[in-house]
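Please prepare a briefing on the nonpolar core and the salt bridges of the model shown here.

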Amino acid sequence: MQKESILFFWHLLTRLVFAFATGFLNNYALQPDSKWLVQFGMQAAQGNFNFELERFIASPLFPAVVGLFKWIFKEAWQVSLVIFQLIVSAISGVYIYKIAYLWSDREKVAWIASLLFSVFPMTLWFTHTFSQECLFQVLFIICMYYLSRSLAYGRWKDVFLSAIFFSLAYQTKSHILLFSPFVPLLYWHHFKFTYRTFLFTTAFASIALFFSLPYGLYHYRLHGVYVLSSNGGPYQFYLGNTWAGYKTVVEVPDKNSEDYLRIKDITVHAGYFNGSQRYYDSLLSLSQKEKQSLFLQEAIYWIMRHPTEFIKLKCYNLFLFLFPGVSWRHYSFGAWLLSFLISLPIYALAYWTMLKEISNGNKKIMPAFYVFVTMLIFSVVWYVQNRFRTITIEPIYVILAAFPISHWLENYRQKWTGFLKFPFRALLVQM
């Protein structure tokens, strides 16, 4: 507990420093979605949980948390919410230590992973922003810890806790539902075709489905569609697999052009790039059931009509997912270079560790591999978004990068200790 307390307060300190350096109440500038998420939070404080945007129904947990803080703390809700996010983010640093220790069986790896995570700028970016990112990252990290424990020890308690935190995570950001098919595979890796694999998988899935009931039934009554969390998958597929996505990723307009400004707000101007803003607006005006089906059809039609551009787009998505740092197409050269230089060692070491450990048959890091596959699918099939990658897989990259760093530090310590001892041994021999 003493180690965990030290880590918690260290993580809290680094997050407080970052928050004050960027503006403690600068809670909207870093994420465009913050305004509508807080708006839904104000609705939730009044008992209205209809979190419907024009383009899709949003995931419920973060707006519900905002509403709860507004209801409890009244005018002090903003300061209270910032403090809450900083605290839970600091807790995630403790769980990074726990995961690293489970995967490596080495305390040095765990310490290095947690300390790296405490200062890695990408993980600090959303800690006090009013958006889903901070809360999702915390919940998913805790889910990964209990999932890893359930694989290591085969205990029901860990299965239940991992399923609960997974459910809270997907109720915060729904893209992580793509990870759910890999849970049975993880249990199979560890327990093979046994009753334990079947029972653990069934329990995990049942708990996850149970958590969807309140919001799903609420919107089924309201809109005639049952949503597990958000129903934005078809819309996001449309954005990522039409001219709108192609212009966002492949043929990005010049930064001084009007088209570039439209790209920056692609959810408003997708119709402009796809040939008809009026038709796009007409799709948005339809019911949730109708529009999501039509968005999916539009994307499929574009893929069929433009196979060469589609393949090129997928190649770009793959490269940008694997390549560290923010996109140089959408950020200044200085911001891109800094993010690249900071992230490159973490990414390179993480990829190397993943290959090495899997080839050596280390089943403990299989959760890391399947999160990698999950985000690979999301980034390539839908479209690459750096913030999704940052909050989902970069904490895992930090853990994996700690493996070789720990090994190198240990070798360096032994060589340095031997070097210091050598003159003294030689002196004793002469005496």
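**Briefing: core and charged pairs**

At 30% relative accessibility, Glu-107 counts as partly exposed, a class lying between buried (under 20% relative accessible area) and exposed (over 50%), with a 1.4 Å probe and protein chains only. The model is predicted, so local features need pLDDT of at least 70 and side-chain atom pairs count only at pLDDT 80 or more, while totals for chains, interfaces and linings use all residues. Residues are numbered from 1 along each chain as its sequence is written, and side-chain values use heavy atoms, with hydrogens and water left out.

- Searching the whole structure gives 13 salt bridges, each defined as a side-chain nitrogen of Lys or Arg within 4 Å of a carboxyl oxygen of Asp or Glu.
- Lys-364 is partly exposed, with a relative accessibility of 34%.

- In the salt bridge of Glu-133 with Arg-387, the closest N and O atoms are 2.5 Å apart; because Glu-133 lies in helix H7 (residues 132-153) and Arg-387 in helix H20 (residues 386-392), the pair ties together parts that are 254 residues apart in sequence.
- Glu-133 is buried, its relative accessible area being 1%, whereas Arg-387, at 23% relative accessibility, counts as partly exposed.
- A network of salt bridges links Glu-133 and Arg-387 with Asp-33 and Lys-173.

**Nonpolar core**

- The largest nonpolar core has 125 residues, of which Trp-103, Phe-140, Phe-179, Tyr-187 and Tyr-397 touch the most other members; such a core is a set of buried Ala, Val, Leu, Ile, Met, Phe, Trp, Tyr and Cys residues joined through side-chain atoms within 4.5 Å.
- Helix H4 (residues 77-104) contributes the most to this core, with 14 residues.
- Leaving aside residues up to four places away in sequence, Tyr-397 is in contact (heavy atoms within 4.5 Å) with Phe-321, Ile-346, Tyr-347, Ala-350, Tyr-351, Met-354 and Phe-372.

Terms used:
Helices (H or I, at least four residues) and strands (E, at least two) are DSSP runs, numbered from the N terminus.
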